[in-house]
Amino acid sequence: MAPKKPSTPEEEYIARQEAKRREFRQIQQKQAEAEAARKARWRTCPGGCETKLVEQPFRDILIDRCPTCSGVWLDPGELEKISSDDASTVQAFFDFFRGQPG
Ligand SMILES: [Zn+2]
């Protein structure tokens, strides 16, 4: 359906705003789809186990871990987040994985 041609400056402004909102929603939807596709790819262990990864919370991030081979998979930025924190966080991170059944 073709949009109605706006006749007043107000209508033109509203039409432009509406077009911007539509474009923004489309971008948001594309980003959500890309994120879902990325998550779907990472649902099984990249180490070749074909085991479903489990998400384990560590502080304020969710870390993907393979229950078969104990492989740990970090999303972009997560390693930086852990290692840029204080030394006790890094130690807690090691303890976190040592404490898990492999
Ligand atoms: Zn694995």
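Q: Is Cys-69 buried, partly exposed or exposed?
A: Start with relative accessible area. Under 20% is buried, and over 50% is exposed. This model is predicted. In it, Cys-69 has a relative accessible area of 39%, so Cys-69 counts as partly exposed.

Q: What is the relative accessible area of Cys-45?
A: Apply the cut-offs again. Cys-45 has a relative accessible area of 6% and is therefore buried.

Q: Which residues coordinate the zinc ion?
A: Look for the donor atoms around the metal. The zinc ion is held by the SG atoms of Cys-45, Cys-49, Cys-66 and Cys-69. The distance is 2.3 Å.

Q: What geometry does the site of the zinc ion have?
A: Begin with the ideal. Four tetrahedral donors have ideal angles of 109.5 degrees at a metal. Here the angles among the 4 donor atoms are 104 to 119°. The site of the zinc ion is tetrahedral.

Q: What spacing do the donors of the zinc ion follow along the chain?
A: Read the donors in sequence order. Their spacing is C-x3-C-x16-C-x2-C.

Q: Where do Cys-45 and Cys-69 lie?
A: Place each residue among the secondary structure elements. Cys-45 sits in the loop between α1 (9-41) and β1 (54-58). Cys-69 sits in the loop between β2 (61-65) and β3 (72-73). The pair therefore ties together parts that are 24 residues apart in sequence.

Q: In what order do the elements of the protein run?
A: Count, then order. The protein has 3 helices and 3 strands. From the N terminus on, the order is α-β-β-β-α-α.

Q: Which residues are linked in a network of salt bridges?
A: Look for a residue that takes part in two pairs. The network links Glu-18, Arg-21 and Arg-25. Arg-21 pairs with Glu-18, with the closest N and O atoms 3.1 Å apart. Glu-18 also pairs with Arg-25, where the closest N and O atoms are 3.7 Å apart.

Q: Where do Arg-21 and Glu-18 lie?
A: Check the element and the separation. Both residues lie in helix α1. They are 3 residues apart, about one turn of the helix.

Q: How accessible are Arg-21, Glu-18 and Arg-25?
A: Go residue by residue. Arg-21 is partly exposed at 44% relative accessibility. Glu-18 is partly exposed at 28%. Arg-25 is partly exposed at 43%.

Q: Which residue forms a salt bridge with Asp-60?
A: Find the partner, then locate both ends. Asp-60 pairs with Lys-81, and the closest N and O atoms are 3.2 Å apart. This pair links distant parts of the chain, 21 residues apart. Asp-60 is in the loop between β1 and β2, and Lys-81 is in helix α2 (residues 78-83). Asp-60 is exposed at 61% relative accessibility. Lys-81 is partly exposed at 38%.

Q: What share of the residues of the protein count as buried?
A: Now take the whole chain. Of its 102 residues, 19% count as buried. The protein exposes about 7900 Å². Carbon and sulfur atoms supply 57% of that area.

Conventions. Residues numbered from 1 in each chain as written. Predicted model: local features only at pLDDT ≥ 70, side-chain atom pairs only at ≥ 80, totals over all residues. Heavy atoms only, no water. Donors = N, O, S within 2.8 Å, 3.2 Å for Na, K, Ca; no water. Tetrahedral: all angles 85-135°; square planar, octahedral: opposite > 155°, others 65-115°. Helix = DSSP H or I, 4+ residues; strand = E, 2+ residues; numbered from the N terminus. Buried < 20%, exposed > 50% of the residue type's maximum accessible area, 1.4 Å probe, protein only. Salt bridge = Lys/Arg side-chain N within 4 Å of Asp/Glu carboxyl O. Areas by Shrake-Rupley, 256 points an atom, 1.4 Å probe, with all protein chains shown as cover.
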